[in-house]
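Morning, everyone. Let me put the model on the screen, and then we'll walk through a few places in it.

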Amino acid sequence: MSYQLNPLTSHGIGAEVRGIDLTQPVDDATRKQLNAEFARYHVLVIRNQKFGTEQFMAAGRVFGEIMPHHRKSGDFTSDTSVFEIFNQPIGDGKYYIAGETFHTDHSNDPVPPKATSLHPITLPSKGGDTQFVNMHNAYDDLSEAMKKRIDKLIAVHVYVSKYSPRALMKVDGDQAKKIPPPGLHPLVRIHPENGRKYLYLNPVRMEAIIGMPDDAALALIGELMAHATQKKYEYRHQWQYGDMVIWDNRSVMHQANADYDMNETRRLYRIMIKGQLHPSDTAATRDVRVNVEQRMPA
Ligand SMILES: [Fe+2]
């Protein structure tokens with residue numbers, strides 16, 4: 001099975017894939033190749049796909065096992081495998097826009113997802129791009145002093161941080177019970193597939209850095225975020241019908257844009273792919289995990 005691959009930036013983030021139909025079975029060699037491109041480019045834009053929810057999940061399985069969402073949206077599957085993203089009216093002429101500031105998905109999970117993928121159902125006539133930044137390059141460019149400073153730091157990620165720059169949809173009842181205990185993640189992690197170090201940040205969910213006063217932790221996170229979200233690390237995706245965009249939640253952060261006419265609808269299916277911890281993640285957090293889980297129950 002062959003396809004064409006075109007890099008989308010000169011700085012190693014984003015590649016377009018053409019000439020493949022993921023509603024058809026994918027052979028092992030092609031699966032391996034696509035996963036290698038994914039680990040290299042971090043964001044794949046697979047063009048001209050036409051999916052229902054089952055076909056979208058099948059396409060997602062080329063990259064791994066489907067990871068359920070922490071809460072339900074829509075009625076597409078009997079479980080929480082497929083989520084729906086849309087500009088949701090919340091009263092007083094306001095809208096809830098998922099993912100409006102830079103973040104990585106579900107970092108409050110002890111084992112965060114490898115990847116998230118979106119497939120558009122309805123797009124606004126203009127705007128609504130998704131931006132991605134390359135957290136490998138952002139890490140590589142840090143000063144040696146900063147690398148040394150953050151090398152051993154571990155952050156506590158909760159469902160929504162009291163310091164989050166934006167609100168998340170509330171969860172209650174049975175859905176709240178499914179929220180896992182806080183995720184404990186090093187600020188500097190190693191990618192399990194490409195072996196490169198990357199910065200792992202998420203101001204929406206980072207509640208604390210272990211051993212640091214909150215004001216110092218917030219200042220550090222702010223400084224690292226300002227660095228990591230520079231345009232030189234970015235791929236900005238303009239959506240087209242037929243796109244399957246899949247991104248690596250370890251090596252990129254992403255954000256949605258609410259810059260379109262809210263009288264128009266922007267609606268996408270969303271799935272996630274299960275992740276795995278690198279042995280260095282487990283080693284770094286082993287000593288603090290028990291204490292933090294006792295102190296900060298979900
Ligand atoms: Fe997101």
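Which residues is A98 in contact with, leaving aside its neighbours within four places in sequence? They are I85 and A256. Contact here means heavy atoms within 4.5 Å.

Before going further, the ground rules. This is a predicted model, where local features need pLDDT of at least 70, side-chain atom pairs count only at pLDDT 80 or more, and totals for chains, interfaces and linings use all residues. Residues are numbered from 1 along each chain as its sequence is written, and side-chain values use heavy atoms, with hydrogens and water left out.

Back to A98. It sits in the loop between β7 and β8. Helices (H or I, at least four residues) and strands (E, at least two) are DSSP runs, numbered from the N terminus. A98 is partly exposed, at 24% relative accessibility. For the cut-offs: buried is under 20% relative accessible area, exposed is over 50%, and partly exposed is in between, with a 1.4 Å probe and protein chains only.

Now the metal. Which protein atoms are the donors of the iron ion? H103 through NE2, D105 through OD and H254 through NE2, at 2.1 to 2.2 Å. Donors are N, O and S atoms within 2.8 Å of the metal (3.2 Å for Na, K and Ca); water is not among the atoms, so sites may look incomplete. Along the chain, the donor spacing reads H-x1-D-x148-H. D105 is in the loop between β7 (94–96) and β8 (115–122), and H254 is in strand β17 (residues 252–256), so this pair ties together parts that are 149 residues apart in sequence. Both D105 and H254 are buried.

Next, backbone angles. H106 is in that β7 to β8 loop too. Its phi is positive, about 50 degrees, although H106 is not a glycine. H106 is buried, at 8% relative accessible area.

H42 is another non-glycine residue with positive phi, near 75 degrees. Its loop runs between α1 (28–41) and β3 (43–46). Buried or exposed? H42 is buried, with a relative accessible area of 1%.

Last stop, S81. Find it in the loop between β4 (66–67) and β5 (83–86). S81 counts as buried, at 9% relative accessibility. Not counting residues up to four places away in sequence, S81 touches M57, I66, H69, R270 and I271.
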